[in-house]
Amino acid sequence: MNYYLRMKDKFQSLRQKEDVLILAVESSCDETSIAIVKNGREVLSNVISSQIEIHRRFGGVVPEVASRNHVLAISNVFEDALKEAGIKKEEIDAVAVTYGAGLMGALLVGVNFAKGLAYSLDVPLIQVSHVHGHIAANYISHSSLKPPFMCLMVSGGHTALLNVEDYNKMTMLGTTVDDAVGEAFDKVARVLGLPYPGGPEIERVAKNGTSSYKFSVSKSLSKTYNFSFSGIKTEVVNLVHNKKQKGEEIDAENIAFSFQDSVTDELCSKTLMAIKNNNVKKLVVAGGVGANSMLKSKLSQMCEKNDVQFFAPILRYCTDNAGMIASMAYYMMKDGLGLAQLDLTAKPNVELK
Ligand code: KG4
Ligand code: ZN
């Protein structure tokens, strides 16, 4: 039987199998990660090799450097993931991989590794969208969480409100019309002279600050679920440049606090509108900015007031990791979705839907 037909058969029979072990590969940005997850929920291993220290000296991720370091790391990460899970590679039922969105060269390393592995083990290959993976970070964090829920997606590449009706059925209510929220955090951090990645640095510095500046997000989108963060980012950048020109001191702590405060208020007010208009009972936050304590505490208070259950991924699953990709792949497989052929290639942009 030809390879693809054989995989189709194997994929179908996995849907009925009692215990399914999925190995997932994630290399969309600067984290090389391989995880083994049982039945979409039980993380047997989730090894992450971070390149943060390498990219820090450039002030951001250098795509070519990222791909080369994925190549160097991926085989060891794979061996470590098997060892930590205590399984042999022959026990793996399917290989999943992030095929996009992300950096082309970085994604290609993971996609090609996953293709080779799936072929050599003669198991199905499942293609997963990175941003869907971020939602599934909540499934490996909260064992009983199931759709339906409202999801606030806040990462370095996306900002969106998604009505998640089922594991593989979601409607986007709104998205950013310009910068993603994580991108705005990173750019503001950079102008304040803070190291990469900027989000956690803004949070750290803001701990000693107060709301002494009034930064504001554009009001033109206030009746919609869409977001805009480029205005507030430019406001901060201009303020810092003006201060520098005048030789004034840059009070990074207060600037960081005021920026974080305004941005998290905006995320909360749109989310509240989505909750009220859609009879929502559960709110889930997903993506790297979901690690932000101020955001989580504001969302959690808002949910309590409105009788909504609030979920955020545990900290290590907020940012990029392969565990979330394995979990998403499991629920795709259950619905018969995502089986890839060996001509699968990486996609820098994947529509969020
Ligand atoms: O989800 P993620 O790891 O990668 C993408 O898929 O984009 O998100 C990375 C983004 C970066 O912009 C980073 O600065 C931001 O998440 N981030 C944070 C925090 N931790 C990570 N932003 C604010 N506060 C944090 N604690
Ligand atoms: Zn991500």
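**Ligand shell and backbone**

Analyst: The shell around ligand 1 divides into four nonpolar, eleven polar and three charged residues. Here Ala, Val, Leu, Ile, Met, Phe, Trp, Tyr, Cys and Pro count as nonpolar, Asp, Glu, Lys and Arg as charged, and the others, Gly among them, as polar. This is a predicted model: local features need pLDDT of at least 70, side-chain atom pairs count only at pLDDT 80 or more, and totals for chains, interfaces and linings use all residues. Residues are numbered from 1 along each chain as written, chains are lettered from A and ligands numbered from 1 in the order written, and side-chain values use heavy atoms, without hydrogens and water.

User: How many residues surround ligand 1?

Analyst: A residue counts as near if one of its heavy atoms lies within 4 Å of the molecule. The closest are His134, Gly156, Asp186, Glu203 and Gly288. The number of residues around ligand 1 is 18.

User: What is the distance from an oxygen atom of ligand 1 to an N or O atom in the side chain of Asp186?

Analyst: A polar contact here is a pair of N or O atoms within 3.5 Å. A polar side-chain atom of His130 lies 3.0 Å from a ligand 1 oxygen. A backbone N or O atom of Gly199 is 2.9 Å from an oxygen of ligand 1. For the Asp186 side chain, the distance is 2.6 Å.

User: How much of the accessible area of ligand 1 does the protein cover?

Analyst: Accessible areas come from the Shrake-Rupley method with a 1.4 Å probe. On its own, ligand 1 has 560 Å². The protein covers 87%.

User: Which elements give two or more residues to the shell around ligand 1?

Analyst: Helices are DSSP runs of at least four residues, numbered from the N terminus. The shell draws at least three residues from each of domain 1 (3-138 + 318-334) and domain 2 (149-312), with bounds from an automatic or database domain assignment. The elements asked for are helices H5 (130-136), H6 (181-191) and H7 (198-206).

User: Which residue does a cis peptide bond join to Pro148?

Analyst: Pro148 lies in the loop between H5 and strand E6 (149-154). The cis bond has an omega of about 10°. The partner is Pro147.

User: Where is Pro197?

Analyst: The peptide bond from Tyr196 to Pro197 is cis, with omega near -5°. Pro197 sits in the loop between H6 and H7.

How values were computed:
A polar contact is a pair of N or O atoms within 3.5 Å; within protein, one must be able to donate a hydrogen and the other to accept it, and residues adjacent in sequence count only if both atoms are side-chain atoms.
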